[in-house]
Amino acid sequence: MHILIRLFFPYSGMEDEELEQLRKKRFEQLAAKIPPPDGWPVIELTEYNFNEVTLGRPKVVIDFWAEWCGPCRYFSPIFEEMSVEYPEVQFCKCDTDRNHGIAKQLGITSIPRVLYVINGTAVRLHVGAMSAEKFREELNAVFRSNDTV
């Protein structure tokens, strides 16, 4: 269970309503960065939520895939299984057939492609399907090494 403390600001002549709005905004910012005990669910990214999700979580991994792609179908259950082992990381999937704009903007020309993001910055990229062991190694190297936030 995660306990969030309420932030108290010294009174500076602000109205109570304004202080409450500041408290609420700060609480939402903090709550967005704390994963639930069983991890965040795998989110399907679209052109509408891509920036919100990838910039709203400190650690994100994205699987770019398509339904017709055999290696993508092989890797999909491995990706989803790892989301349970790494609750501190937001796992996302992005269907490149449905989201041409994202694929084009990021230069996604081959799939499956896994993109690792820390605090809104892409830090690593892997092209091709991976075994569970290889994917776990990459997740550990990116998100659980001593120098990551």
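This is a short exchange about how features of a predicted model get their names.

Colleague: What makes a feature count here?
Modeller: This is a predicted model, so local features need pLDDT of at least 70, side-chain atom pairs count only at pLDDT 80 or more, and totals for chains, interfaces and linings use all residues. Residues are numbered from 1 along each chain as its sequence is written, and side-chain values use heavy atoms, leaving out hydrogens and water.

Colleague: What is the mean pLDDT of the protein chain?
Modeller: The mean is 83, and 77% of the residues reach 70 or more. pLDDT is the predictor's confidence in each residue, from 0 to 100. Over residues 1–11 the pLDDT is below 50. Where pLDDT is low, the predicted coordinates should not be read in detail.

Colleague: Why is H3 called oblique to H5?
Modeller: The axes of H3 (residues 70–85) and H5 (residues 132–143) cross at roughly 45° and come within 10 Å. Axes are lines fitted to C-alpha atoms, for helices over the stretch in contact, with angles from 0 to 180 degrees between N-to-C directions. Helices are DSSP runs (H or I, at least four residues), and strands are too (E, at least two), numbered from the N terminus. Under 35 degrees is roughly parallel, over 145 roughly antiparallel, 65 to 115 roughly perpendicular and the rest oblique. Therefore H3 is oblique to H5.

Colleague: Which residues in H3 and H5 meet?
Modeller: Phe75, Ile78, Phe79, Met82 and Glu85 in H3 meet Ala132, Phe135, Arg136 and Leu139 in H5. Contact means heavy atoms within 4.5 Å.

Colleague: What makes Cys69 and Cys72 a disulfide?
Modeller: A disulfide is a pair of cysteine sulfur atoms within 2.5 Å. Those of Cys69 and Cys72 are 2.5 Å apart, and the pair forms a disulfide. The structure holds one disulfide.

Colleague: What is the omega of the cis peptide bond that joins Ile111 and Pro112?
Modeller: Omega there is about 0°. Pro112 lies in the loop between helix H4 (100–106) and strand E4 (113–118).
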